[in-house]
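Subject: Structure handover

Hello,

Please find the structure below. My notes on it follow.

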Amino acid sequence: MTYAFFTGCNTPARLPQYEHTARIVLGRLGVTLENCREFTCCGYPLRNVDQKAFILSAAGNMAFAERSGRDILVLCQCGFGTFKEAQYRLKANETLKEEINRRLRRQGLSYEGRVEVTHVLSVLYHAVGLEVLNKAATIQMNGLKVAAHYGCHALRPSRITRFDDPVAPSLFDELIRATGAESVDWDEKLNCCGAPLTGVNDQVSSELTRNKIRSGIAAGADCLCTACPYCQLQFDQVQARLLSEGRLEKALPSILYPQLLGLCMGIGGEDLGLKENHINIDPIRSFL
Amino acid sequence: MFFDLFLYGSLAVFTIGLAYKMHLWFSGHIVDSQTVVGTKTRVGRALRGIPAALFSVRVIALFRSLLLDVVFQRRILKESAYRWAMHMLIFWGFMLLLLMHALENWVSSSLFDDYASTLNPYFFLRGIFGLMAVAGVVMAVYRRQPGRVPRLRTTAADRYALCIIGIIILSGFFLEGAKILSYADFSRMVEDYADTDDAQELQALEAYWVKEMGVFSPNMKGPFEPGVIRQGLELHEMSCQACHSASQSAFVGYGLSLAMRPMASVLEDMAAVNILWTIHILACFFGLAFLPFSKMFHIIATPLSLLSNAVMDPRRSYPANIATRQMLELDACARCGTCSLRCSSVPAFEAMDNAAILPSERLQMLKRLANGKRLSDGEMKAVRDGIIICTNCDRCTVVCPSGIDLRDLWVNVREDLVQGQAEGQSLMLSTFSFARGLQKERIAADAYERPLRAARQSIMDTWRSCCEPQDALFTLGGKSRSGVGFAHNADSFLSCFGCQNCTTVCPVVAQFENPQAALGLLPHQIMYSLGLGLIEQACASEMLWACTTCYQCQEHCPQNVEVTDILYDLKVMALKGPSKAVEQSPKRHWQQAA
């Protein structure tokens, strides 16, 4: 299994441990990640700024991957949703595709829609498979209660992303169970973390975040589990700020799924970058 | 005398220029907030900071950076082997020539007892070094052919730098060739250094030099008797050899002398050696004098930038030193274009046609600001927009071979630039602001909110002024184009049958006691208003800037209305402003029809 590794912009700059952990864990599971220097921004921040720029960004990246004949693996759910949306639009609108290809041709590229874009959770679930994961997770999490956070842009709009059932998804829960942890039922499970509004409308954004955290705590979770740098940064860095401002009573630390899996595969906490968390996630190790 | 005059003159201009540039490092600023720190403070902090770095553990980092970044230039190698080879050839070719040849009286003569410029290995090495530099220049010229490297711009400054090096080296080679040929030079040397006055012996020496050393003599051409040559060789070994290795060692000069041989007497008559010497010297001195004002200044600024960034921690450095370093960094930029090659926002640049999105272009514009030049309103807006359309991926910073902390530069400059506009920064109403949001604690509370609040208000006010009171009279039905341009199924709002599911599931609506008051139009109302052609109302709503794009509305719509995507389109339209949208508005057609 070889993929063109799309790290995006957020992860390498603000959450490098996510990339680092993903490389280690996926490497051990037999997934080869190819670096592609030409990858640019996926286009997500441009979605409400300039539609052509957003499509061009996504199409350009996919064209690069097409050239090397590799499917793309993304770490970020916002990026994943952006790619899927761009694929959908380009498939439906031939004029748009022609216009985009006209621009891409200047760089010797062309987008033909041949490349699959998958999120790391899908790769783990479908390509690697639960059987392999169960075998790889030699140490199990005993009694750990995890509030699985599916995020928004992978699940929805489900007609386009086809990631999982939008109302009763199970992919992430099963991946979490493979580590021996329990994936709790919580009210706010499928709701937004608030990250898209951070820096834009912090009032609304932090309210969304607090609702999520309070719901997770109310359901008895020990931690949140994410698979997107925006969500993780929101639940870690922004939550830390909310706690320090006294706008949250209790903390609910958040861990990235590859880190959780990595712990169960016996990889050391230092390698997984657990220390980088703003809200201490170390206590989770007591469940091993 | 001529030589000394020009040497000291150009040294003086160089020194004055250098002093002026360094003065700007300590007194100049890019944005107004940096004026808070005065020149005296900056000089003071620097004078304290530099020894502090030298006499501490950080000196190791300094030496590492000196070795790896300045001498070995590993940052260039990481990006491109071709560029590394090109730059090493130019850099080392020129530097070694400077040390060994230009400064021969100070460097070479002190290091080597037997030094003579026409003696091997120095004679041979001069050719090698010169050839290295020329090869590098050729590689550079090739690289800067239009279209070869994406987004690389070549300006007059870049052309000057390559030209001055080329002229210096090439004139040197031709000078060497002319000197090898020159009979006048040979005669003068014989007068000064030959150990004999005997006419026949001098003839033999001349014969030797014509045959073996490449001199062109008007008196004799050969072929020569072996006996004469043997005699000449003896005299050569006595009087000349101590300082003169075979002319062929200077292989480039010798090659050129062979090429120029047919015109040798003409060259002799016009004193070509003097002319070429003058060109060579003037080129060198002009290059020296003009250095602080040209691209070649990066020879001084770039190592300083690399070294200071090796020891300065942006989180703990004094603002005074950061301000000084940022002025220095503007000079350290050699316009290599690596940052713009690797920039994540390149597709945005291509689609939106704003050159200031590219780091290298933006930096040049900031440099003009820092040098006191005014940018037009349009250019300022381009810089502001460009600096906002930055994904903060930090790639530019990682790849910069001059060690410029671009990340820090953008963050510092951005905060200043986004304040002060009454209409706010509309492009900040996007997830480009995520990184700024994470750094909220570092920005004063009102300064943080101001550009966002002002943008929202400005957009809503602009669109509200376009809303006409009689809009409510139009009813749904019969419309084919939404005027909303881009979403694939933007017209899907026509399927809306008013179930209000979208509003019910919206997590943002759920936050408010009185959502209507807080958000203006609610999601279902926006869909309805589109049906009525009330685009302006939709674009004027506060809901657009509170939507978190979670797609719950679109997911749960029983009629497949692409609610979120339509909202995305409306946001784009709202940011662009009414003038573009009104053309597409269907209202005009209806009014005409009615």
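Buried residues make up 43% of the 594 residues in chain B; a residue is buried if 20 or more other C-beta atoms, placed from the backbone, lie within 10 Å of its own.

The model is predicted, so local features need pLDDT of at least 70 and side-chain atom pairs pLDDT 80 or more, while totals for chains, interfaces and linings use all residues. Residues are numbered from 1 along each chain as its sequence is written, and chains are lettered from A and ligands numbered from 1 in the order in which they are written.

Chain B has 32 helices and 0 strands (DSSP runs numbered from the N terminus: H or I of at least four residues for helices, E of at least two for strands). Its C-alpha trace spans about 120 × 55 × 35 Å along the principal axes.

Chain A has an open sheet of 4 strands with parallel pairing, in the order β2-β1-β3-β4 (two strands pair if DSSP finds at least two bridges between them). Strands β2 (32-34) and β4 (117-119) of chain A are at the edges with a single partner strand each, so one side of each has no neighbour in the sheet. β3 (residues 71-74) of chain A pairs with β4(A) over 3 bridges in the parallel sense, and L73(A) has T118(A) as its bridge partner.

Helix α6 (residues 120-128) of chain A lies across β3 and β4 of that chain, at about 90° to β4(A). Contact here means C-beta atoms, placed from the backbone, within 7 Å; angles run from 0 to 180 degrees between N-to-C directions of lines fitted to C-alpha atoms, for helices over the stretch in contact.

Regards

Notes: Two residues are in contact if their C-beta atoms, placed from the backbone, lie within 7 Å. A residue is buried if 20 or more other C-beta atoms lie within 10 Å of its own, exposed if 12 or fewer, and partly exposed in between; C-beta atoms are placed from the backbone.
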